[in-house]
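Open the model in your viewer and keep the selection tool ready. The stops below go one selection at a time.

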Amino acid sequence: MKIDAVTIFPQYLEPLQLSLLGKAQSEGLVEITIHDLRSFATDNHHSVDDTPYGGGAGMVMKAQVWGEALDPLITPDTDLIILTPAGKKFDQPMAQSFARARHLVFACGRYEGIDDRVRMYYSQSEFMEQNIRVHEVSIGDYVLGGGEVAAMVIIEAVTRLIPGVLGNPESIVEESHMAEGFLEYPNFTKPSQWRGIPVPEILLSGNHGEIDKWRATQADLRAKKNV
Ligand code: ADE
């Protein structure tokens, strides 16, 4: 999978080189490129934002600059993901759907967001005909300083679903079998007693039928507790 991310803070996305994702990139399973939006600003001050038409607080990111940055990245079969608190809420099914994509482009907005004509432009039928889709996505009902952290959340959730990225693909199979709210059961490892707290007896029994039942109940209890 190819991933491009456009931001005014390229360093914000540097952690994507670490851990599982760093390894996936060196193995050629994922290719991530970060682009500096400001390098596409053509005025003397390299400005990326301006005051909003109609007035109001804050600044809006300029459509021209975003257009220059996105035009060379958007090719047939690209999914353009615009991060915004007003977008569709990101969840595991959305992660699974993005994991099947060939090419994801993340537009990390700052300030009061990106001039809405950027979304409108790449949503036009000539792009749809090339299988180019635009998604406005939020990672939750809170407002971040910008889309960078949201992009990282989505990239991490999506790339671990790509075959070969996870060391143990069994964990993905297990997750996807947990239908409703796939909150997992609690886990324990050795020693069987820690600071006076024992591991639940059933897990030491070797009875896998009963263990599965216990885990299902525990996952259910957790899910109910967290609504
Ligand atoms: N930008 C600011 N807040 C955001 C959020 N909750 N999700 C995605 N992008 C954002």
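Select Tyr12 first. Tyr12 sits in the loop that links β1 (2–7) to α1 (19–26). This is a predicted model.

Next, go to Ser19. Ser19 belongs to helix α1. Check its backbone: phi is near 55°, a positive value in a residue other than glycine. Ser19 is exposed, because its relative accessible area of 64% is over the 50% cut-off.

Move on to Asn131. Asn131 lies in the loop between α5 (125–128) and β7 (133–138). Its phi is also positive, near 65°, and Asn131 is not a glycine. How accessible is Asn131? The relative accessibility is 32%, so Asn131 counts as partly exposed.

Now colour by domain. The domain assignment gives domain 1 as 1–167 and domain 2 as 180–224.

Last stop: Lys190 and Pro191. Which form does the peptide bond between them take? The bond from Lys190 to Pro191 is cis, and omega is near 5°. Pro191 is in the loop between α7 (170–177) and β8 (193–194).

Key
Residues numbered from 1 in each chain as written. Predicted model: local features only at pLDDT ≥ 70, side-chain atom pairs only at ≥ 80, totals over all residues. Heavy atoms only, no water. Helix = DSSP H or I, 4+ residues; strand = E, 2+ residues; numbered from the N terminus. Domains from an automatic or database assignment. Buried < 20%, exposed > 50% of the residue type's maximum accessible area, 1.4 Å probe, protein only.
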